[in-house]
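The report below treats a protein model by way of its helices, their packing and the charged pairs among their side chains. Please read it alongside the sequence and the structure shown here.

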Amino acid sequence: MDHSEFASILEAARAGAEWAWSRLYADLAGPVRGYASLRGAPDPDDIVGDTFLQVARNLTRFEGEYEGFRSWVFMVAHHRVVDDRRKRGRRREDPVPVLPDRGGGRDVESEALAALATAGVLEALEALSPDQRSVVALRFVADLSLRDTAEILGKRVGAVKSLQKRALDRLAKTLPGAYPDRSSERLRE
């Protein structure tokens, strides 16, 4: 989404313009679905629907720029995931990962390799603590800042940095060669 046009899209969505809601949904539904899936939601599409329903209910209360809106939507999604987990209680269910549709023709070999890679990543993520998984999902799937991630999780920025570092260290051991040099700016922002 072009950040310069966010204010007009937001106002149109507040007025009930379907095109504006479609733009907001198209921009954020995929990352919200990915976040819910990585957090173990059995039906990530339900989380997406519940998240956008809550966003629609409270849109008039939101004030801010695009980055704040993204953060707010992921805070709502995080609460929906937590609520869903509480509702399901302690019984363990193995989530089925929801992969984005990449469009185009089908290449069965590529799809099979991608599914195996995704299964390996999901298995590696299972080795992380719930807080570490939340940090990884919010930082790298939702593409949120350290500050926004800390706010959503109710933690200090330093605690989020520590959780992220431990998570990436564990993933580096589990998935050798699978992620780039950790000295990047991404760890410090």
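Is helix α7 (residues 146–153) mostly covered or mostly exposed, and how many of its residues are buried?

## Basis of the model

This is a predicted model, in which local features need pLDDT of at least 70 and side-chain atom pairs count only at pLDDT 80 or more, whereas totals for chains, interfaces and linings use all residues. Residues are numbered from 1 along each chain as its sequence is written, and side-chain values use heavy atoms, with hydrogens and water left out.

## Overall content

The secondary structure comes to 8 helices and 0 strands, where helices (H or I, at least four residues) and strands (E, at least two) are DSSP runs numbered from the N terminus. Read along the sequence, the pattern is α-α-α-α-α-α-α-α. Of the 189 residues of the protein, 35% count as buried; buried means under 20% relative accessible area, exposed means over 50%, and partly exposed lies in between, with a 1.4 Å probe and protein chains only. Among contacts (heavy atoms within 4.5 Å) between residues at least 6 apart in sequence, 63% join residues at least 24 apart.

Helix α7 is mostly covered, since 6 of its 8 residues are buried. The buried residues are Leu 146, Asp 148, Thr 149, Ala 150, Ile 152 and Leu 153, and what covers them includes α4, α6 (130–141) and α8 (157–174). Just after α7, Gly 154 takes a positive phi of about 70°.

From the side of helix α4 (residues 66–88), Ser 71 is found in that helix and, at 6% relative accessibility, counts as buried. Leaving aside neighbours within four places in sequence, Ser 71 is in contact with Leu 144, Asp 148 and Ile 152; of these partners, Asp 148 and Ile 152 are among the buried residues of α7.

## Helix packing

Two packed helices are described by the angle between their axes and the distance between the axes. For α7 and α8 the angle is about 100° and the axes are 8 Å apart, where axes are lines fitted to C-alpha atoms, for helices over the stretch in contact, and angles run from 0 to 180 degrees between N-to-C directions. That makes α7 roughly perpendicular to α8, given that angles under 35 degrees count as roughly parallel, over 145 as roughly antiparallel, 65 to 115 as roughly perpendicular and the rest as oblique. The contact is made by Leu 146, Arg 147, Thr 149 and Ala 150 of α7 and by Val 157, Val 160, Lys 161 and Gln 164 of α8. By class, these residues divide into 4 nonpolar, 2 polar and 2 charged, with Ala, Val, Leu, Ile, Met, Phe, Trp, Tyr, Cys and Pro counted as nonpolar, Asp, Glu, Lys and Arg as charged, and the others, Gly among them, as polar.

The axes of helix α1 (residues 6–14) and helix α2 (residues 18–38) come within 7 Å and cross at roughly 125°, which makes α1 oblique to α2. The contact is made by Phe 6, Ile 9, Ala 12 and Ala 13 of α1 together with Trp 19, Ala 20, Trp 21, Arg 23 and Leu 24 of α2, and it has 8 nonpolar, no polar and 1 charged residues.

## Salt bridges

The structure holds 9 salt bridges, a salt bridge being a side-chain nitrogen of Lys or Arg within 4 Å of a carboxyl oxygen of Asp or Glu. Asp 131 forms a salt bridge with Lys 155, the closest N and O atoms being 3.3 Å apart. Asp 131 lies in helix α6 and Lys 155 in the loop between α7 and α8, so the pair ties together parts that are 24 residues apart in sequence. Asp 131 is partly exposed at 35% relative accessibility, and Lys 155 is partly exposed with a relative accessible area of 30%.

In helix α4, Arg 88 and Asp 84 are 4 residues apart and therefore separated by about one helical turn; they form a salt bridge whose closest N and O atoms are 3.1 Å apart. Arg 88 counts as partly exposed at 24% relative accessibility, while Asp 84 is buried, with a relative accessible area of 12%. Arg 80, Asp 83 and Arg 86 are linked in a network of salt bridges.
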